[in-house]
Every structure is written in C-alpha cells, then in structure tokens.
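This report is written for someone who is looking at the structure for the first time.

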Amino acid sequence: MKFLDENLVEVGVEVESAQEAIEEAGKLLFQEGLVEDSYIRAMVNAYKENGPYFVLAPQIAIPHARPEDGVKEASVSFVQLKKPVVFGHTSNDPVQLVFGLGASSSDEHLTLLKKLTSLLNNPQNVKKLTDARNYAAIKLILEMER
Amino acid sequence: MMMKILTVCGLGQGTSLILKMNVEQVLGERGIQADVEHTDVSAASSMQADYIVTSNELSESLVGHNAKVFIVNNYFDMDEINQAIDENIVKDQ
C-alpha cells in the first residue's frame with residue numbers, strides 16, 4: 001500500500017487538458033511499479049465513458065479505473081497543477097488537485113480511501129495542498145494528519 | 001425494515017466509497033440507522049433502495065428509479081451532506 005510517498009507526488013505540473021492531468025497522475029503510479037501502463041489508458045477511458053463525476057469536490061479530481069484494469073498495489077498519487085484545467089463538471093470545475101487512485105479489491109483500498117477522505121474533509125488541508133510548493137510542505141500536512 | 005441507501009458512482013470503486021463513508025458518518029452522528037452500500041451506476045438501476053445519493057452528472061442516468069435520488073456536489077463538505085440528508089431523509093421520517 002502506497003499513499004502519497006515522495007515519488008508519487010508532483011507539484012506545479014503544467015498540463016493543457018483534463019486527459020493530460022489524468023495521465024500525469026497515472027504515470028506516477030506506473031513509474032513506481034504500482035500499476036500496469038494499461039491502467040493509465042483505463043483511467044482516461046473511464047473519464048471519456050462516464051464523464052467527470054470523479055471531480056468530487058471543488059478543485060479536486062480522483063481519477064481511477066477498476067482493479068482488474070492493471071493494479072498491482074493499492075496506491076494514491078498526487079499531481080498539483082500549476083494552472084487549473086476544466087474537466088467539464090457542472091459545479092466543481094476547474095480542477096487543480098488530482099489524486100490518482102490505484103484501486104484494488106483488498107482491505108488496503110478501503111484504508112487508503114479513509115486516509116484520503118480524512119485528509120480532504122478538512123478544508124484547511126485542501127488549501128495547504130493548493131499552496132504547497134514542494135514535497136516537504138505536503139509531507140508536513142500528512143504528518144499533521146497522523 | 002432497515003432503510004437502504006445506495007451511494008453511486010461510475011465504476012463503484014472509489015468515489016462512491018468515499019461518499020458512503022461520509023454519509024455513514026453523518027447518519028451515525030445523527031443516530032439514523034441505515035444500510036449504506038456503494039455501487040456503480042448500471043448495477044444501481046436494478047437494485048432496490050429507499051434512497052440513492054450521487055453526483056449531478058450521474059443522477060440523470062437514474063431517473064425513473066424507485067428510490068428517491070438526491071445529489072451531493074462536494075463529497076468532502078460535511079455541511080452539504082448534512083443538509084442533503086436533512087432535506088431528503090429526515091423530512092420523510
């Protein structure tokens with residue numbers, strides 16, 4: 001189980017579109033060997049087929065696909081966009097914080113989602129994640145949560 | 001019979017589970033007993049439930065469902081979830 005480890009976090013990323021933002025979040029999971037490259041495509045396809053419902057709060061998207069699309073280990077990555085992009089969500093656009101979710105069918109999946117929910121239920125954390133300029137700042141937020 | 005609530009998203013993997021956790025937390029705080037299950041939008045169409053909570057985007061796919069469908073826009077806003085539960089569930093009790 002991997003949750004926002006240093007290699008899974010990137011701040012100030014420049015993208016032009018929602019698809020690129022999803023791919024960046026997926027790439028972090030792939031580079032760490034947590035998902036197959038097919039999973040990145042599945043994340044993008046899920047967006048194309050089901051729309052931007054995973055933009056589940058203002059500024060925040062949690063793109064993911066199904067465990068069988070190529071997840072090796074339950075995991076969460078984070079891409080903070082330099083400039084927000086439009087995903088097409090009616091109330092929560094534009095998106096600046098993108099959490100790539102490597103969804104597994106294990107208990108770890110539930111543990112990861114609990115960690116993510118408790119992190120994002122706090123509006124101050126959302127602001128800090130938006131303002132963070134490096135991993136040290138993110139790490140500090142995560143340590144406060146423990 | 002225990003009240004049945006579905007939280008619904010596109011794949012039934014991530015988003016609906018997050019919503020389920022926060023809905024359960026609000027229900028728990030208010031002492032409302034309910035069975036909350038998370039699922040994807042196509043499975044939800046053929047499932048029996050009293051209420052369905054989902055996003056605006058997906059609610060259109062659930063028009064005509066026997067359950068009362070209501071929307072939460074910000075899944076991390078406990079005030080909004082509280083209010084949605086007030087307006088849609090508590091009023092019916």
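What follows describes a predicted model, beginning with chain B.

**Chain B as a whole**

Chain B holds four helices and four strands, and when these elements are read from the N terminus they follow the order β-α-β-α-β-α-β-α. The radius of gyration of chain B is 12 Å, close to the 12 Å that the globule rule gives for 93 residues, so chain B is as compact as a globular protein of that length. Along the principal axes, the C-alpha atoms of chain B fill a box of roughly 30 × 30 × 20 Å. Of the 93 residues in chain B, 40% count as buried. If one takes the contacts in chain B between residues at least 6 apart in sequence, 54% of them join residues that are at least 24 apart.

Two packed helices are described by the angle between their axes and the distance between the axes.

| Helix pair | Axis distance | Crossing angle |
|---|---|---|
| α1(A) and α2(A) | within 9 Å | roughly 150° |
| α1(B) and α4(B) | 10 Å | about 65° |
| α3(A) and α1(B) | within 10 Å | roughly 65° |

In chain A, helix α1 covers residues 18–31 and helix α2 covers residues 37–50. With their axes crossing at roughly 150°, α1(A) and α2(A) are therefore roughly antiparallel to each other, and α1(A) passes α2(A) in a right-handed crossing. On the side of α1(A), the residues that meet α2(A) are A:Ala18, A:Gln19, A:Ile22, A:Glu23, A:Gly26, A:Lys27 and A:Phe30, while α2(A) contributes A:Asp37, A:Tyr39, A:Ile40, A:Met43, A:Val44 and A:Tyr47. Sorted by class, this contact of α1(A) with α2(A) has eight nonpolar, two polar and three charged residues.

In chain B, helix α4 spans residues 78–88 and packs against α1(B) at an angle of about 65°. The two helices α1(B) and α4(B) are therefore roughly perpendicular to each other, and their crossing is right-handed. Here B:Asn22, B:Val23, B:Val26 and B:Leu27 in α1(B) meet B:Met78, B:Ile81, B:Asn82 and B:Ile85 in α4(B). The residues of the contact of α1(B) with α4(B) divide into six nonpolar, two polar and no charged.

**Where chain A touches chain B**

How many residues does the contact take from chain A and from chain B? Chain A gives 24 residues and chain B gives 20 residues. On the side of chain A that touches chain B, α2(A) and α3(A) (107–120) each supply at least two residues, and the largest share, four residues, comes from α3(A). The residues on this side of chain A divide into 13 nonpolar, nine polar and two charged.

Helix α3(A) passes α1(B) in a right-handed crossing, where A:Leu113, A:Lys114 and A:Thr117 in α3(A) meet B:Leu17, B:Ile18, B:Met21 and B:Asn22 in α1(B). By class, the contact of α3(A) with α1(B) has four nonpolar, two polar and one charged residues.

**Two residues followed individually**

B:Leu27 lies in helix α1 of chain B, which runs over residues 15–29. Because B:Leu27 has 19 C-beta neighbours inside 10 Å, and 20 or more would be needed for a buried residue, B:Leu27 counts as partly exposed. B:Ser59 stands 32 residues from B:Leu27 along the chain, and their C-alpha atoms are separated by 21 Å.

A:Asp93 is found in the loop between β4 (75–85) and β5 (95–102) of chain A. With 17 other C-beta atoms within 10 Å, A:Asp93 is partly exposed. Not counting residues up to four places away in sequence, A:Asp93 touches A:Val55, A:Val86, A:Phe87 and A:Gly88. A:Pro52 is 41 residues from A:Asp93 in sequence, and the two are 9.6 Å apart in space, C-alpha to C-alpha.

Technical notes
Residues numbered from 1 in each chain as written. Chains lettered and ligands numbered in written order. Predicted model: local features only at pLDDT ≥ 70, side-chain atom pairs only at ≥ 80, totals over all residues. Rg over C-alpha atoms; globule rule 2.2 N^0.38 Å. Buried ≥ 20, exposed ≤ 12 C-beta atoms within 10 Å, placed from the backbone. Contact = placed C-beta atoms within 7 Å. Axes fitted to C-alpha atoms, helices over the stretch in contact; angles between N-to-C directions. Parallel < 35°, antiparallel > 145°, perpendicular 65-115°, else oblique. Left-handed = near helix turned anticlockwise from the far one by under 90°. Nonpolar A, V, L, I, M, F, W, Y, C, P; charged D, E, K, R; others polar.
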